[in-house]
Amino acid sequence: MKKQWLVGVGIAALALVPTAPAQAGKIEMQVYRSIDRQEPQTVRCPEKVTLLEQAQPYREGSYAINGSANLSQLADRFAIAAADDFSVTWVGTLKPAYQKCKATARIVKNDGEAYLTHSYLRLRFNGGKVYLILDMTGMSDANQLTTAILRKGVRNGNPFWSWSGTD
């Protein structure tokens, strides 16, 4: 009886503890110059780009991730260039310092941890433009279903998105 009472008190105490808000995780993307652009002295490209993603509060049976890319230091005038059920591509005009950059980028770290799996976020720098691609191709959740893009757009001049899966 005493043991059951202690378990009940413990459960009640846990219910009173406020849950900490989830912090946005930093996604670090490494930039790789194009093989035909080897003049680092004359062509400027960023070395890395940081994006943010944050888990939405848990809902039974699924999860969702909100993301955003503040790329205003690199480019402006972002718009959605293409979208379908599995991917979205935003395009922005590179700022003068990066206009000649020809490179690609992929995720190399997620919240400071090495990221060694499929890079569902990618960047392309080409022709004075930067392309941010969110691509669910090849992504699967715990039930072997392709993850879904829920929202996509441009807010305050920068790309944002939400994607989800089942658990």
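Analyst: Arg77 counts as exposed because its relative accessibility is 61%; the classes used here are buried (under 20% relative accessible area), exposed (over 50%) and partly exposed (in between), with a 1.4 Å probe and protein chains only. This is a predicted model, in which local features need a pLDDT of at least 70 and side-chain atom pairs count only at pLDDT 80 or more, while totals for chains, interfaces and linings use all residues. Residues are numbered from 1 along each chain as its sequence is written, and side-chain values use heavy atoms, with hydrogens and water left out.

Arg77 forms a salt bridge with Asp76, with 3.6 Å between the closest N and O atoms. A salt bridge here is a side-chain nitrogen of Lys or Arg within 4 Å of a carboxyl oxygen of Asp or Glu. By this rule the count comes to 3 salt bridges. Asp76 has a relative accessible area of 31% and is therefore partly exposed. Arg77 lies in strand S4, where helices (H or I, at least four residues) and strands (E, at least two) are DSSP runs numbered from the N terminus. The backbone of Arg77 has a phi near 55 degrees, a positive value in a residue other than glycine. Most residues other than glycine have a negative phi. Asn156 also has a positive phi, about 50 degrees, without being a glycine. Asn156 is in the loop between strand S10 (148–155) and S11, and its relative accessible area of 75% makes Asn156 exposed.

Another salt bridge joins the side chains of Asp135 and Arg122 (3.1 Å, N to O). This pair links distant parts of the chain, since Asp135 is in strand S9 and Arg122 in strand S8, 13 residues apart. Asp135 counts as buried because its relative accessibility is 13%, whereas Arg122, with a relative accessible area of 27%, is partly exposed. Strand S9 covers residues 129–135. The side chain of Asp135 also makes a polar contact of 2.6 Å with the side chain of Thr137. A polar contact is a pair of N or O atoms within 3.5 Å; within protein, one must be able to donate a hydrogen and the other to accept it, and residues adjacent in sequence count only if both atoms are side-chain atoms. Setting aside residues up to four places away in sequence, Asp135 touches Phe86, Ser87, His118, Tyr120 and Arg122, contact meaning heavy atoms within 4.5 Å.

Two of these neighbours can be followed further. Ser87 is in strand S5 (residues 87–94) and counts as buried because its relative accessibility is 18%. Beyond its neighbours within four places in sequence, Ser87 is in contact with Ala82, Leu134, Asp135 and Ile149. Tyr120, with residues up to four places away again left out, touches residues including Ile27, Glu53, Ile107, Leu134, Asp135 and Trp163.

Tyr120 also belongs to the largest nonpolar core, which has 34 residues; Leu51, Tyr120, Leu121, Phe125 and Leu134 touch the most other members. At least two residues of this core come from each of strand S1 (25–33), strand S2 (48–55), strand S4 (75–83), S5, strand S6 (103–110), strand S8 (121–126), S9 and strand S11 (158–166). A nonpolar core is a set of buried Ala, Val, Leu, Ile, Met, Phe, Trp, Tyr and Cys residues joined through side-chain atoms within 4.5 Å.

The side chains of Glu28 and Lys48 also meet in a salt bridge (3.8 Å, N to O). Glu28 is in strand S1 and Lys48 in strand S2, so this pair ties together parts that are 20 residues apart in sequence. Glu28 is buried because its relative accessible area is 19%, while Lys48, at 48%, is partly exposed.

Buried residues make up 37% of the 167 residues. Among contacts between residues at least 6 apart in sequence, 57% join residues at least 24 apart.

As for confidence, pLDDT is the predictor's confidence in each residue, from 0 to 100. The chain averages 86, and 83% of the residues score at least 70. Residues 1–22 stay under 50, and the model has 2 contacts beyond four places in sequence for them.
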